[in-house]
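Please consult the sequence and the structure shown here alongside the text.

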Amino acid sequence: MSLEKELEARSGGVCELCGSSEGLSVLDVVPSDGSADKAIYVCSTCSSQIQNPDSMDETHFNCLNDSMWSETPAVQVMSYRLLNALGRQDLVDMMYMEEDIKTWADAGLPDENALVYKDANGVTLQAGDTVVITKDLDVKGTTFVAKRGTAVRNIALVHGNAELIEGRVNGVKIQILTKFLKKS
């Protein structure tokens with residue numbers, strides 16, 4: 001039996017989150033092994049909102065009040081993650097999951113302790129990016145000034161400090177405050 005047929009039989013031919021029967025498809029709940037136990041059957045509305053969390057419609061996901069009580073672990077995990085994304089801590093606190101299922105659910109949540117490096121405009125910086133210096137900066141320990149408009153290629157993120165990056169300017173490796181940088 002194919003994965004989709006197995007999920008269709010398990011769900012009764014409806015979305016396992018909201019109950020809709022329109023545009024159903026398989027959605028793997030990561031980390032997944034490709035089995036029906038690690039996947040859910042969802043409608044196109046739920047699928048598009050899960051894949052584009054910035055466009056989530058909280059009213060559509062009122063259905064999670066019911067799906068969070070599903071006996072299917074993958075549905076519980078997805079309900080837990082969506083409730084967290086929507087900031088519905090009241091419902092998250094009511095959920096009960098076995099320890100291994102809770103571990104699986106937590107594995108898909110963003111790490112709250114992860115540092116986010118942002119430039120002067122609020123754009124997220126990643127290791128390897130190219131940035132431009134927005135202000136003339138005196139470089140401590142050297143005799144030169146890092147000039148405004150200088151491109152710093154292949155930056156490195158300073159571990160433990162989201163306000164600093166490392167890069168080479170005039171062949172010298174320096175640390176620069178992110179508030180003086182613009183991603184290019």
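The points below are grouped by topic.

The structure is a predicted model.

- Side chains of opposite charge can pair when their charged atoms come close.
- Asp-129 is joined to Lys-183 by a salt bridge, with 3.3 Å between the closest N and O atoms. Asp-129 belongs to the loop between α6 and β3 (131-133) and Lys-183 to strand β10 (residues 181-183), so this pair ties together parts that are 54 residues apart in sequence.
- Within that pair, Asp-129 is buried because its relative accessible area is 13%, under the 20% cut-off, whereas Lys-183 is partly exposed at 31%.
- Arg-10 and Glu-16 meet through their side chains in a salt bridge with an N to O distance of 2.8 Å. Glu-16 counts as buried at 14% relative accessibility, while Arg-10 counts as partly exposed at 31%.
- A salt bridge of 3.7 Å, N to O, links the side chains of Glu-166 and Lys-173. Lys-173 is exposed, with a relative accessible area of 54%, and Glu-166 is partly exposed at 24%.

- Glu-6 lies in helix α1 (residues 3-11) and is partly exposed, with a relative accessible area of 37%.

**Pro-31 and Ala-107**

- Pro-31 is located in the loop between β1 (25-28) and β2 (39-42) and counts as partly exposed at 49% relative accessibility.
- Leaving aside residues up to four places away in sequence, Pro-31 touches Lys-38, Arg-81, Trp-104 and Ala-107.
- Pro-31 and Trp-104 are 73 residues apart along the chain, and their C-alpha atoms are separated by 7.7 Å.
- Ala-107, in helix α6 (residues 99-107), counts as exposed because its relative accessibility of 55% is over the 50% cut-off.
- With residues up to four places away in sequence again not counted, Ala-107 touches Pro-31 and Arg-81.

**Ser-79**

- Ser-79 is placed in helix α4 (residues 73-85) and is buried, with a relative accessible area of 0%.
- Ser-79 touches Leu-17, Leu-64, Ser-67 and Met-68, not counting residues up to four places away in sequence.

Technical notes
Residues numbered from 1 in each chain as written. Predicted model: local features only at pLDDT ≥ 70, side-chain atom pairs only at ≥ 80, totals over all residues. Heavy atoms only, no water. Helix = DSSP H or I, 4+ residues; strand = E, 2+ residues; numbered from the N terminus. Buried < 20%, exposed > 50% of the residue type's maximum accessible area, 1.4 Å probe, protein only. Contact = heavy atoms within 4.5 Å. Salt bridge = Lys/Arg side-chain N within 4 Å of Asp/Glu carboxyl O.
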